[in-house]
Amino acid sequence: MAESSAGNSSSSKTLLWMMVAMFAVVGILLGGGFSLTSRMLRAMGMRATSSQDTLHTPQGNLRMERENQVGPGLPVYPRSSMVLPGEAAVAEAARNIRNGVSLVRYHSTDSRDFVDNWYSQHLSSEFKRRNAGENPAPENLRNAGVSGDETAFVAERGAQTRIVAISADATGTMISLIRMDKPAAQ
């Protein structure tokens with residue numbers, strides 16, 4: 001009888017040490033995984049911010065916006081490409097944002113008349129067309145930086161003005177999509 005109790009004690013100790021070893025291996029694997037993930041995120045340059053709208057990476061910052069906050073919210077001419085602002089335009093862009101103006105520029109190699117016709121067909125009836133050269137230019141167009149040489153489609157709704165300005169240039173047509181939000185009365 002002494003042999004059977006010694007056999008049970010020996011197998012219990014073996015089972016105990018196997019369980020301890022298994023938990024130690026699982027702990028080491030989890031710790032290594034967390035460590036590797038942390039190093040990878042640091043290497044990519046991502047870091048936590050108080051704003052959950054911005055993701056910081058070494059190549060630049062990515063801002064996530066809701067669908068109703070993205071740009072002017074106007075239709076984009078299909079055969080056009082976005083014109084990215086240069087470094088000199090950063091100050092102007094910051095001033096525009098403070099003033100509630102969202103501006104995106106596009107360029108197309110198509111003629112001004114063709115682009116004008118496309119926007120005439122694809123904008124809602126609330127947009128009123130203003131021909132190039134009409135004087136005097138309304139104040140909202142002057143505030144948006146639309147020159148008298150540009151054809152403009154303008155729609156005003158409440159505190160928001162949306163403008164599609166079309167002008168010819170040497171290589172085609174420039175399209176400016178503008179949204180201006182009037183500041184709320186305080």
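Analyst: Happy to! Leaving aside residues up to four places away in sequence, Ile-175 touches Tyr-77, Ser-80, Val-104, Arg-105, Tyr-106, Val-115, Tyr-119, Val-164 and Ala-165, where contact means heavy atoms within 4.5 Å. This is a predicted model, in which local features need pLDDT of at least 70, side-chain atom pairs count only at pLDDT 80 or more, and totals for chains, interfaces and linings use all residues. Residues are numbered from 1 along each chain as its sequence is written, and side-chain values use heavy atoms, with hydrogens and water left out.

Ile-175 is also among the residues with the most contacts inside the largest nonpolar core, together with Tyr-119, Phe-153, Val-164 and Leu-177. That core has 15 residues; a nonpolar core is a set of buried Ala, Val, Leu, Ile, Met, Phe, Trp, Tyr and Cys residues joined through side-chain atoms within 4.5 Å. At least two of its residues come from each of S4, helix H3 (112–122), strand S6 (151–157), strand S7 (160–169) and S8. H3 gives the largest share, three residues. Helices (H or I, at least four residues) and strands (E, at least two) are DSSP runs, numbered from the N terminus.

Now to strand S4 (residues 101–108): six of its eight residues are buried, that is, under 20% relative accessible area with a 1.4 Å probe, protein chains only. S4 pairs with strand S8 (residues 172–181) in the antiparallel sense over eight bridges; pairing requires at least two DSSP bridges between two strands. Within that pairing, Leu-103 has Ile-178 as its bridge partner. Strand S3 (residues 81–83) also runs antiparallel to S4, joined by three bridges, and Val-83 stands opposite Arg-105.

Terms used. Buried means under 20% relative accessible area, exposed over 50%, partly exposed in between (1.4 Å probe, protein chains only).
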